[in-house]
Amino acid sequence: MIHRTPFILPLLYPTLTWRQPVQGKELFLTFDDGPVPGPTEFVLETLASKKAQATFFCIGDNVRKHPDVFRRIGNNGHAIGNHTFQHKNGWRTSAADYVDNVKASQEIMEQIGIGHSYPDQKLFRPPYGRITRRQIRMLKEYRIIMWDVLTIDYNARLAGERCLSNSIKATRNGSIIVFHDSLKAERNLRYALPRFIDHFHQMGFSFKSLAL
């Protein structure tokens, strides 16, 4: 089961961010598909207890349904990114509809998260990592964040121990790591996340957000 992104993809899509340049020993946790009561709150409590920062790529419809949980992300000082309004697959969606869905998500995030500052270049992650070159061009105001390590925490057949060990093996300095603050991933998330952070803290790493 592959946890690290194949080396060819960053070469094919060099304008997307796959890994973060660093000065010291730094890693970049990201969380997709929230906010969801339960998993997102667990993540926020874990990050706070371990003094780690992260970036949350939020689904607009979940922001609409769970505004209080969404506000907690910003209030805790984490970066917030866009993950479309309805978790759209870019390969199966026209460019115009895809961009409209991204805009709808951005509008609800800024409306509900009033007071939270967004960077000049907003953050976006395409669901499933699937986006076309035309969609990329049309979203030029966004910094499109992909990943270096996918934990595959959403796979119900993957044991928490294996999720953790494979993710640790795939991680290197500057890695952007994807967990999911979703009900589907919650079992593996609860097992792997705190142990993942502890492992790399013991190695001298810090965890930063992708906010610039």
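Q: At roughly what angle do the axes of helix α7 and helix α8 cross?
A: This is a predicted model, where local features need pLDDT of at least 70, side-chain atom pairs count only at pLDDT 80 or more, and totals for chains, interfaces and linings use all residues. Residues are numbered from 1 along each chain as its sequence is written, and side-chain values use heavy atoms, without hydrogens and water. Helices here are DSSP runs of H or I, at least four residues, and strands are E runs of at least two, numbered from the N terminus. The axes of α7 (residues 160-170) and α8 (residues 186-202) come within 9 Å, and they cross at roughly 35 degrees.

Q: How many residues of the contact of α7 with α8 are nonpolar?
A: Contact means heavy atoms within 4.5 Å. On α7 the residues include C163, L164 and I168; on α8 they include Y191, F196 and F200. Four of the contact residues are polar and three charged, and the nonpolar ones number seven.

Q: Is C163 buried or exposed?
A: Buried means under 20% relative accessible area, exposed over 50%, and partly exposed in between (1.4 Å probe, protein chains only). C163 has a relative accessible area of 1%, so C163 is buried.

Q: Which residue has its backbone oxygen 2.4 Å from a polar atom of the side chain of K25?
A: K25 lies in the loop between α1 (8-12) and β1 (26-32). Leaving aside neighbours within four places in sequence, K25 is in contact with N173, M203, G204, F205 and S206. The backbone oxygen in question belongs to M203.

Definitions and conventions:
Polar contact = N/O pair within 3.5 Å; in protein donor to acceptor, adjacent residues only side chain to side chain. Axes fitted to C-alpha atoms, helices over the stretch in contact; angles between N-to-C directions. Nonpolar A, V, L, I, M, F, W, Y, C, P; charged D, E, K, R; others polar.
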